[in-house]
Amino acid sequence: MKKPVRSVALQHARSLPFAIAVMALAVSGCAGMKDQYAASTDAQQRAAAEVAADTKAGATVDTQATYLKLVDQMQREDLWFASLAHIDALEQRWGISPESTRVRADALRQTGQAIPAETAYKRLLGTSLESAGYRGLGLLAGSRGNYAEAVQLLTQAQRRSPTDALLLSDLGYANLRAGRLEDARLPLMQALQLRPDSAQAQANLALYFEATNQQDQARALMDANRMSEATRRAVREAALQIRIPGGSVEPAALLGSASMPVAASTASRTETVAAPLALKRARWSGANNPPEIANRLNTAATSATETPLSLNSTSRGTP
């Protein structure tokens, strides 16, 4: 017996909401699964990227030259004590080289270990980094106040690296402190023309002008480089000490071991004067990210015990 058309239509009408609900649930379920799948895929991709980054970081310190660059970067950030630990790891893995001796000597000097630093610098004499050895010895002599010896040693370094602007600035400053004012002029002028953006070269040439009673030139130089009043005062006081030996002002405390803020070429940017006779860092190329550097170096240090030791010398010029 056929159902009435009305009852069939009513039955379909009553079942329609349920069907719509089921379809909606199915659609929402599919959407949720897709969202979950997308989230899972993103998480897997992020995890893979992190693993790849860690692998790449470990690979980047798989050579002695790269490890040395990372140590240099640490020293550029004044992480001198930490760099000593990584130099130990570097030499354990690859052996002692002139480059590792250079960075060790700089770190020893910067951490107040003058005697072992001197020994390390002397080991550079007769190597491809002989200039760095003479320079370090000159800086140590200057830190002891023996500027005549510093001039002799820095001159030896300059003969081997004649275009090193910061070395020329150090040599000029040592000449000023040794009372050899006219001998200071040439290296200081060379330093500024080779590195016109160097606050150290600017301050030391201004000191020369002040010490030789060329106040107009000194003022023009300091104005052109927008030096702070504190720096100008330090330059004038240091010049007074140079003109009057035995005075009450100690230039080494102003232009040597202490750092002074100096306004650089733009009003919004400041630079710190590098200590003329206490070289703060070896200037090599590299990034400035100490935590990342430390992590990458720690990765290499961990793997050092798993790699046979070998001697592999590299050579680079002085900073």
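A crossing of two helices is left-handed if the near helix is turned anticlockwise from the far one by less than a right angle, and right-handed if clockwise. That term is needed below for a structure that is a predicted model.

**Overall make-up**

The protein has 14 helices and 2 strands. Of its 319 residues, 43% are buried. Among the contacts with a separation of 6 or more, 61% are between residues 24 or more positions apart.

**Helix H4 and two of its partners**

Helix H4 covers residues 98-110, and helix H2 covers residues 64-76. The axes of H2 and H4 come within 11 Å and cross at roughly 15°. Angles under 35 degrees count as roughly parallel, so H2 is roughly parallel to H4. The crossing in which H2 passes H4 is left-handed. On the H2 side, the contact is made by Leu68, Val71, Asp72 and Gln75. On the H4 side, Glu99, Ser100, Arg102, Val103, Asp106 and Ala107 take part. Sorted by class, this contact of H2 with H4 has 4 nonpolar, 2 polar and 4 charged residues.

Helix H5 covers residues 114-124, and its axis comes within 8 Å of the axis of H4. The two axes cross at roughly 155°. Angles over 145 degrees count as roughly antiparallel, and H4 and H5 are therefore roughly antiparallel to each other. The crossing of H4 and H5 is left-handed. In H4, the residues that meet H5 are Pro98, Thr101, Arg102, Ala105, Asp106, Leu108 and Arg109. Their counterparts in H5 are Pro116, Ala117, Ala120, Tyr121, Arg123 and Leu124. By class, the contact of H4 with H5 has 8 nonpolar, 1 polar and 4 charged residues.

Arg102 and Asp106 of H4 are listed in the contact with H2 and also in the contact with H5.

Ser131 is part of helix H6, which spans residues 130-143. Its relative accessibility is 6%, so Ser131 counts as buried. The side chain of Ser131 makes a polar contact with the side chain of Ser161, at 2.9 Å.

Helix H7 spans residues 147-160 and includes Gln156. Leu154 also lies in H7. Leu154 is buried, because its relative accessible area is 0%, whereas Gln156 counts as partly exposed at 25% relative accessibility. For each of these two residues, the table gives a partner, the separation in sequence and the C-alpha to C-alpha distance.

**Two loop residues with positive phi**

Most residues other than glycine have a negative phi. Asp78 has a positive phi of about 65°, although it is not a glycine. Asp78 lies in the loop between H2 and helix H3, the latter covering residues 80-94. At 35% relative accessibility, Asp78 counts as partly exposed.

Arg226 is not a glycine either, and its phi is positive at about 50°. The loop that holds Arg226 runs between helix H11 (215-224) and helix H12 (229-243). With a relative accessible area of 42%, Arg226 is partly exposed.

Technical notes: Residues are numbered from 1 along each chain as its sequence is written. This is a predicted model: local features need pLDDT of at least 70, side-chain atom pairs count only at pLDDT 80 or more; totals for chains, interfaces and linings use all residues. Side-chain values use heavy atoms; hydrogens and water are left out. Axes are lines fitted to C-alpha atoms, for helices over the stretch in contact, and angles run from 0 to 180 degrees between N-to-C directions. Helices (H or I, at least four residues) and strands (E, at least two) are DSSP runs, numbered from the N terminus. Angles under 35 degrees count as roughly parallel, over 145 as roughly antiparallel, 65 to 115 as roughly perpendicular and the rest as oblique. Contact means heavy atoms within 4.5 Å. Ala, Val, Leu, Ile, Met, Phe, Trp, Tyr, Cys and Pro count as nonpolar, Asp, Glu, Lys and Arg as charged, and the others, Gly among them, as polar. Buried means under 20% relative accessible area, exposed over 50%, partly exposed in between (1.4 Å probe, protein chains only). A polar contact is a pair of N or O atoms within 3.5 Å; within protein, one must be able to donate a hydrogen and the other to accept it, and residues adjacent in sequence count only if both atoms are side-chain atoms.
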